[in-house]
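I opened the notebook to look up a few residues and their surroundings. The entries follow the order in which I checked them.

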Amino acid sequence: MVCIKSGDICPSIKGGVITILSTTKDHCICSCSVCEEDKELFPEKFTITKASIRNGRATCGCHPKFAYSEKDY
């Protein structure tokens with residue numbers, strides 16, 4: 001099993017870098033170098049499950065299936 005810790009990085013779908021800022025038992029708080037350029041649309045960090053990161057499916061706003069909330073429209 002891969003240990004996931006603060007400071008680890010993984011690629012985003014659009015060629016950016018997802019950085020893990022903090023972790024809990026099952027989740028990570030992350031930032032994306034591409035998404036953080038748009039502070040209006042993505043003012044907060046992303047919560048991604050550790051399982052998604054381990055499976056190479058770390059999703060942020062770059063992901064084509066990202067679920068925008070009602071306030072984003």
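Where does Asp-38 lie? I found Asp-38 in the loop between strand 3 and strand 4, the latter spanning 46-49. I kept in mind that this is a predicted model.

**Entry: Asp-38**

I looked up the exposure of Asp-38 next. Its relative accessible area is 33%. I then checked for charge on the surface. Asp-38 gathers with Glu-36, Glu-37 and Glu-40 in a patch of negative charge there.

**Entry: Ser-31**

I moved on to Ser-31, which sits in strand 3, residues 27-32. Is Ser-31 buried or exposed? I read a relative accessible area of 11%. Ser-31 counts as buried because that is under 20%. I listed its contacts, leaving out residues up to four places away in sequence.

**Entry: Phe-66**

I turned to Phe-66, in the segment after helix 1 (50-54). Its relative accessibility is 24%. Phe-66 is partly exposed, not buried, because 24% is not under 20%. Which residues does Phe-66 touch, beyond those up to four places away in sequence? I found Phe-42, Phe-46, Cys-60 and Gly-61. I also looked up its separation from Lys-14. Phe-66 and Lys-14 are 52 residues apart in sequence. In space, I got 13 Å between them, C-alpha to C-alpha.

Technical notes. Residues are numbered from 1 along each chain as its sequence is written. This is a predicted model: local features need pLDDT of at least 70, side-chain atom pairs count only at pLDDT 80 or more; totals for chains, interfaces and linings use all residues. Side-chain values use heavy atoms; hydrogens and water are left out. Helices (H or I, at least four residues) and strands (E, at least two) are DSSP runs, numbered from the N terminus. Buried means under 20% relative accessible area, exposed over 50%, partly exposed in between (1.4 Å probe, protein chains only). Contact means heavy atoms within 4.5 Å. Patches are made of residues with over 30% relative accessible area and no salt bridge: like charges are joined within 9 Å, nonpolar side chains (Val, Leu, Ile, Met, Phe, Trp, Tyr) within 5 Å. Accessible areas come from the Shrake-Rupley method with a 1.4 Å probe; for residues, only the protein chains shown count as cover. A salt bridge is a side-chain nitrogen of Lys or Arg within 4 Å of a carboxyl oxygen of Asp or Glu. Lys and Arg count as positive and Asp and Glu as negative; His and the chain ends are not counted. The place of a charge is taken as NZ of Lys, CZ of Arg, CG of Asp or CD of Glu.
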